[in-house]
Amino acid sequence: MIVRIMGEGQVKLDDAHFTELNKLDDELLAEMESGDVEGFRRTLGALLEAVRRMGTPLPDDALEPSALILPSPDATLGEVREMLSDDGLIPG
C-alpha cells in the first residue's frame, strides 16, 4: 500500500504492518477524544515514525496514488480531526 505523509512524500508499506499501526491509531483517536494534546503529539509522532521505519520511501519524482494520507508531524489536533474517518486515520 502507498502511504503519503503530508509535506514529506510517499512510502510503500506492507499490509502486514497495519496491525501495529492500528494500535497507534486507536491510541491517537482516544487522545483526541479526551483532548489530551500532549498524548496526541507523542502518538502522532510515534505513528509517523513507525510508517517511516517500516516503509520504503518512494523517489521524490514518483507520483503514485496514495491509498492512505497521514497528517504532517506538525498538524494540529483540529487539522487531524478533519482527516478522521469512523476508523481513525487508518482504516481497519
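Here, partly exposed means a relative accessible area between the buried limit of under 20% and the exposed limit of over 50%. Keep that range in mind for E49: its relative accessibility is 41%, so E49 counts as partly exposed. One caveat before going on: this is a predicted model.

**Salt bridges**

How many salt bridges are there? The count comes to four. Three of them are set out here.

| Pair | Closest N to O distance |
|---|---|
| E8 and R52 | 2.7 Å |
| R52 and E49 | 3.4 Å |

Let's start with E8 and R52, whose closest N and O atoms are 2.7 Å apart. E8 sits in the loop between β1 and β2 (9-12), while R52 belongs to helix α2, so this pair ties together parts that are 44 residues apart in sequence. How open are the two ends? E8 has 39% relative accessibility, so it counts as partly exposed. R52, with a relative accessible area of 30%, is partly exposed as well.

R52 has another partner, E49, with the closest N and O atoms 3.4 Å apart. Through shared partners, the salt bridges join E8, E49 and R52 into one network.

As for accessibility, E20 is at 37% and so counts as partly exposed. R53 is exposed, because its relative accessible area is 52% and the exposed class begins at over 50%.

**The nonpolar core**

Now for the inside. The largest nonpolar core has 23 residues, and V3, L21, V51, L70 and I90 are the ones that touch the most other members. Which elements give two or more residues to this core? They are β1 (2-5), α1 (18-34), α2 (37-54), β4 (68-70) and α3 (77-83). The largest share, seven residues, comes from α2.

Setting aside its neighbours within four places in sequence, I90 is in contact with F18, L21, N22, D25, L47, L68 and L70. Two of those partners, L21 and L70, are listed with I90 among the residues that touch the most other core members.

Key
Residues numbered from 1 in each chain as written. Predicted model: local features only at pLDDT ≥ 70, side-chain atom pairs only at ≥ 80, totals over all residues. Heavy atoms only, no water. Core = buried A, V, L, I, M, F, W, Y, C linked by side-chain atoms within 4.5 Å. Buried < 20%, exposed > 50% of the residue type's maximum accessible area, 1.4 Å probe, protein only. Helix = DSSP H or I, 4+ residues; strand = E, 2+ residues; numbered from the N terminus. Contact = heavy atoms within 4.5 Å. Salt bridge = Lys/Arg side-chain N within 4 Å of Asp/Glu carboxyl O.
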